Amino acid sequence: MLADGIARLTIPEGEIFALTDGAGTFGPDVFPTVSDEARADLLARAGETEVRTEFNAYLLRLHGQPLTLVDTGCGTLFGPGCGRVPGLLAALGVQPGDIGRIIFTHLHRDHVGGAVYADGLAYPNAEIVLSQAEAEFWQGKDATAGEFLAQVAPRTVTDGQEIAPGVTAWMLPGHTPGHMGLRIGQVAFVGDILHSVAMQAAAPETCTKFDSDPQIAIASRRAALSLAAAQDLTVIGSHFLAPMKFAKASGQGDGYALVPVA
Amino acid sequence: MTPAARIAAAIDILDAVLAGQPAEAALINWGRASRFAGSKDRAAVRDHVYDGLRRRRSAAALGGAETGRGIMLGVLRSQGADIETIFTGQGHAPAVLSPADTGRDPVGAEAVDWPEWLWPHLVAGWGEDAAAIAAAQQDRAPVFVRVNIARTTREAVVASLADEGNAAVPHPVATALKITDNARKLQTSIAYDAGWIEMQDASSQAAIAALDVTKGQTVLDYCAGGGGKSLALAALGARVTAHDADPRRMKDIEPRAQRAKTRIEILSKVPGGRLFDLVFCDAPCSGSGTWRRTPDAKWKFDAKRLSDLTAIQGQILDNVVGSVAIGGRLAYATCSVLPQENQQVVEGFVARHSGWSVVKTLSLRPGEDGDGFYLAILEHNP
């Protein structure tokens, strides 16, 4: 029996645990191009009344590889409702020192916040991997990401590069300049290309105010979802809501429909 | 100015060009020094100079010398003009003919005004058609506009232009109109200001149509330049991202997009990732399919430049291959008629990158329906 806040996907390469670090809601300002009517319509179709989000990090237990985190959650930056990742890892019997690698999709605070404590690194033994473009973007910036990068010696990767055996970097820029997905066999980590499935899957043109380049973000969203639909990939999004932590995509009109993986 | 004085002015300007000045600079210098010349004089002189440059080799043979005088004499002879009434030596007219002005009939590549060194290459690409390809560039280019059919119709544009004294007729490409009268006034027309038309050669429009872009597709226009093709793609409903190795060349895209009431994203650096349904490379090239518009370039082009260009063209395709979405397409285009810049570049790319193959090509000849243009569309099948 898994603790509340953990979902598991078993794949030929090993296991993926989705760890729900916390939850929140997005106001209308997060989707500035969406009218109030369109927003209400999209939410009604999803059976929701407001744009809910969850902040996900992932533990990869892949055969023959060090325990790996994909992102780290919010840490202490988003208040007491977030920062559950260390506790969820403990529930799986994993201590911070056991994590051998962290792969970052990007360095927004809800992804990197859990990697840093006031007095140092949360996962002292982890190798840090992120895209070269993301590292270049944040290097030296007065932000959590910049401060984090100043404390580590990251390994940077580019599109299509193998991060570990069977784990491939998949550049999906636009949300940030170096936003990166991951491919592991039939699994596709898509990071923040979907901030809200309700708002963006059926209408992939919808961007968030957090996207650094909306047009490129749209191209990434379309490229990723159309590939996932065409190849029947299992999609894993950083803001997916329980019970759909793992999903399948299919084309629907001008956009995509996502359904949970059983 | 008398007709003969205009010829004399063209002779002086051609001499300046032969001495190494760019044609446009030589025309501007002459214009500044010739306050007496009216707008009709300037237009006529300009036409003479360009006629001479287009036919520089054949006219020099017909006129007896590769000088301004020889070239203009040759041009007039090829037109069957009454030479004796022009070369009178009276007033500002050119000096009377002498035995040195005796010409001969041009032969071979000379007769079609093609650079000798480049003739074997054109023959390699086109065989018996090479002479016609070259000869098509001896005369002035027709003028075409692209109608923004997302916002209006060709019929409405023809009517609007007719009101202002411009005449236009439909071209076989669905977006194109051929301007048959008063082409110089197009950019002051209402249709232009309203964003209904853009200046664009019909062959470029045919190439855009051949890309079969559908609404909402993401397109990277990697060598966007001034953005003519970006705008044409956006008008088809594509979501266009424009890039150019020299971002300064793209400064006109934003105002043009605003006039067309569309949006084009301009990026100086292409983000990593296989994102684009179509990556379109309208590569820098010799321009040998458009040399009737830039005849100066025809005579300045050399083997070193050709080899530099083919290296750049191959490099461009190598640069963008990683930006094509899985299942997407890569398109390569030039306004060249040389096989080295077209088929051979594509063959080189296919040899370097496994899984890529050509699914469609378009090879347009320069002529009355448009400029010379080449397009190849490639797909990847792992």
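1. Start in chain A, with Asp71(A), which sits in the loop between β4 (68-70) and α2 (85-91). Keep in mind as you look that this is a predicted model.

2. For background, most residues other than glycine have a negative phi.

3. Is Asp71(A) buried or exposed? Asp71(A) counts as buried because its relative accessible area is 0%, and the cut-off for buried is under 20%.

4. Now hop over to chain B for another case of this kind. Asp212(B) has a phi near 50 degrees, again a positive value in a residue other than glycine. You'll find Asp212(B) in the loop between α11 (202-210) and β5 (218-221) of chain B.

5. With a relative accessible area of 48%, Asp212(B) is partly exposed, whereas Asp71(A) is buried.

6. Back in chain A, check the peptide bond from Ala242(A) to Pro243(A): it is cis, with omega near 5 degrees. In general, most peptide bonds are trans. Pro243(A) lies in the loop between β14 (234-237) and β15 (247-252) of chain A.

7. Next, zoom out to the domains of chain B. The chain is divided into domain 1 (3-106), domain 2 (143-199) and domain 3 (202-380). Taken over C-alpha atoms, the centres of domain 1 and domain 3 of chain B are 37 Å apart.

8. How many residues of domain 1 of chain B are in contact with domain 3 of chain B? Eight residues of domain 1 are in contact with seven residues of domain 3. Between them, these two domains of chain B bury about 660 Å², with 59% of that on carbon and sulfur atoms. On the domain 1 side, Leu53(B), Arg54(B) and Arg56(B) lose the most area to domain 3, together 57% of what that side buries.

9. What about polar links across this interface? Between domain 1 and domain 3 of chain B there are four residue pairs in polar contact, but zero salt bridges by the rule used.

10. Finally, see which helices of chain B build the domain 1 side that touches domain 3. α3 (39-54) and α4 (56-63) each supply at least two residues, and α3(B) gives the largest share, three residues. By type, the residues of that side divide into five nonpolar, no polar and three charged.

Note on methods: Residues are numbered from 1 along each chain as its sequence is written. Chains are lettered from A and ligands numbered from 1 in the order in which they are written. This is a predicted model: local features need pLDDT of at least 70, side-chain atom pairs count only at pLDDT 80 or more; totals for chains, interfaces and linings use all residues. Side-chain values use heavy atoms; hydrogens and water are left out. Helices (H or I, at least four residues) and strands (E, at least two) are DSSP runs, numbered from the N terminus. Buried means under 20% relative accessible area, exposed over 50%, partly exposed in between (1.4 Å probe, protein chains only). Domain bounds come from an automatic or database domain assignment. Contact means heavy atoms within 4.5 Å. Buried area is the accessible area (1.4 Å probe) that two parts lose on being put together, summed over both. A salt bridge is a side-chain nitrogen of Lys or Arg within 4 Å of a carboxyl oxygen of Asp or Glu. A polar contact is a pair of N or O atoms within 3.5 Å; within protein, one must be able to donate a hydrogen and the other to accept it, and residues adjacent in sequence count only if both atoms are side-chain atoms. Ala, Val, Leu, Ile, Met, Phe, Trp, Tyr, Cys and Pro count as nonpolar, Asp, Glu, Lys and Arg as charged, and the others, Gly among them, as polar.
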